[in-house]
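Please open the structure in your viewer and take it one selection at a time.

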There are 2 protein chains.
Amino acid sequence: MNETAEKIMDAAERRVRSGGYGAMSFRDLAAEIGIKSSSVHYHFPTKEALASTLVERYTARLKTYLDDEMASERSTREKLAAFVDYYRKALELDHSICLCVMLGAESIELPVQIKERVQAFYETGERWLEELFEVAGKEDPRTAAAVTLASLSGAMVVASTANDREQFEKTARFLEKLI
Amino acid sequence: MNETAEKIMDAAERRVRSGGYGAMSFRDLAAEIGIKSSSVHYHFPTKEALASTLVERYTARLKTYLDDEMASERSTREKLAAFVDYYRKALELDHSICLCVMLGAESIELPVQIKERVQAFYETGERWLEELFEVAGKEDPRTAAAVTLASLSGAMVVASTANDREQFEKTARFLEKLI
DNA sequence: CAACATCTATCTATCGATAGACAGATTATT
DNA sequence: AATAATCTGTCTATCGATAGATAGATGTTG
């Protein structure tokens with residue numbers, strides 16, 4: 001991956017995570033990194049391609065984080081806390097929420113490729129959680145995984161709206177005690 | 001409220017709930033109900049005013065629904081199920097999600113007035129849930145309310161992304177048994 | 001007549017995308 | 001090694017479409 005392409009993606013990720021798909025424009029990205037919008041098209045032919053690559057990178061990062069975590073010597077409880085912490089860090093009040101919560105909310109009218117990749121992000125998280133709850137001997141790992149993933153996503157939306165991190169933590173504390 | 005104004009709001013709500021704030025344009029709304037975009041401006045001077053009124057109406061509807069439900073003779077468990085059902089109905093696969101989940105996700109870059117009203121929507125729901133869990137003798141009503149609200153919102157995002165209602169129901173079933 | 005409601009016409013700003021040119025680096029051919 | 005061909009990355013300039021918003025004329029209704 002080219003250096004310029006990465007700068008573009010970094011800027012694009014910030015825009016989407018704060019304002020959504022429509023808030024990311026080639027002109028703004030170009031201006032931010034000091035090139036012309038036509039040069040952005042050189043690296044990413046279409047907006048769809050850019051956003052799609054964005055989600056791909058985002059999911060790859062989650063996967064790396066989760067794989068490392070699963071391979072670690074930490075307890076299942078600590079691993080669950082690590083998952084919660086990943087979401088905690090994704091929420092920056094007044095700046096950004098999780099990329100896939102944003103695009104997930106907007107997914108109905110997004111190009112299919114983007115939608116599919118957002119879906120893949122959620123599947124990655126859900127599968128990992130399910131395995132964790134299974135190892136921990138939870139009675140219904142599938143439900144626990146779904147509830148955990150959903151409540152973290154939703155708590156982020158609520159907290160971002162209220163501009164109040166405590167709105168997120170109320171849910172986070174509950175989840176960290178699920179195992 | 002004028003008849004035309006209501007038609008505008010109905011159309012606007014559909015647009016926002018499927019594509020977000022940016023997907024709602026005066027031209028589209030006007031075309032859908034057979035008037036000119038300048039006439040939409042007559043009823044709602046700005047886009048912000050329209051969206052803000054939209055959230056106000058949306059919250060008023062929730063409040064009416066919840067007040068009726070709370071005043072009913074149904075059990076606390078049935079009342080909780082009724083809350084879940086409100087969200088269930090708000091999710092129409094491939095068509096729309098909850099207005100305030102969408103605007104909540106996008107809230108960072110939305111005009112403050114809209115953001116505040118989305119916040120009021122969540123407060124309405126959370127207060128009602130808290131009271132319900134209190135009546136039901138739940139150990140920590142505040143947490144239960146937060147988790148319920150968050151997980152319903154998040155489950156809607158996940159289910160909408162996957163285009164799979166079961167993704168919502170996994171969480172819904174869990175919540176309906178919380179009391 | 002007065003108000004309410006809608007119209008025509010237009011403005012400025014921005015959007016994603018494309019065409020065509022150019023300099024400089026790299027690679028292939030002689 | 002020298003030259004030719006190609007690739008890379010950026011530029012300027014422009015396209016048609018769409019955005020929200022406004023002024024002022026026109027119609028409608030009580």
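**Two helix pairs**

The crossing of α4(A) and α5(A) is right-handed (the near helix is turned clockwise from the far one by less than a right angle; left-handed if anticlockwise). This is a predicted model, in which local features need pLDDT of at least 70, side-chain atom pairs count only at pLDDT 80 or more, and totals for chains, interfaces and linings use all residues. Residues are numbered from 1 along each chain as its sequence is written, with chains lettered from A and ligands numbered from 1 in the order in which they are written.

Select residues 47–71 of chain A for α4 and residues 76–90 of chain A for α5; helices are DSSP runs of H or I, at least four residues, numbered from the N terminus. Their axes come within 10 Å and cross at roughly 160 degrees (lines fitted to C-alpha atoms over the stretch in contact, with angles from 0 to 180 degrees between N-to-C directions). α4(A) and α5(A) are therefore roughly antiparallel (over 145 degrees).

Now show the side chains of Leu62(A), Tyr65(A), Glu69(A) and Met70(A) in α4(A), which meet Lys79(A), Ala82(A) and Tyr86(A) in α5(A) (C-beta atoms, placed from the backbone, within 7 Å).

Next, select α8 (residues 141–162) of chain A and α7 (residues 112–135) of chain B, whose axes come within 8 Å and cross at roughly 130 degrees. On the α8(A) side, pick Val158(A), Thr161(A) and Ala162(A); on α7(B), Lys115(B), Val118(B), Gln119(B) and Tyr122(B) make the contact. The crossing of α8(A) and α7(B) is left-handed.

Technical notes
Angles under 35 degrees count as roughly parallel, over 145 as roughly antiparallel, 65 to 115 as roughly perpendicular and the rest as oblique. Two residues are in contact if their C-beta atoms, placed from the backbone, lie within 7 Å.
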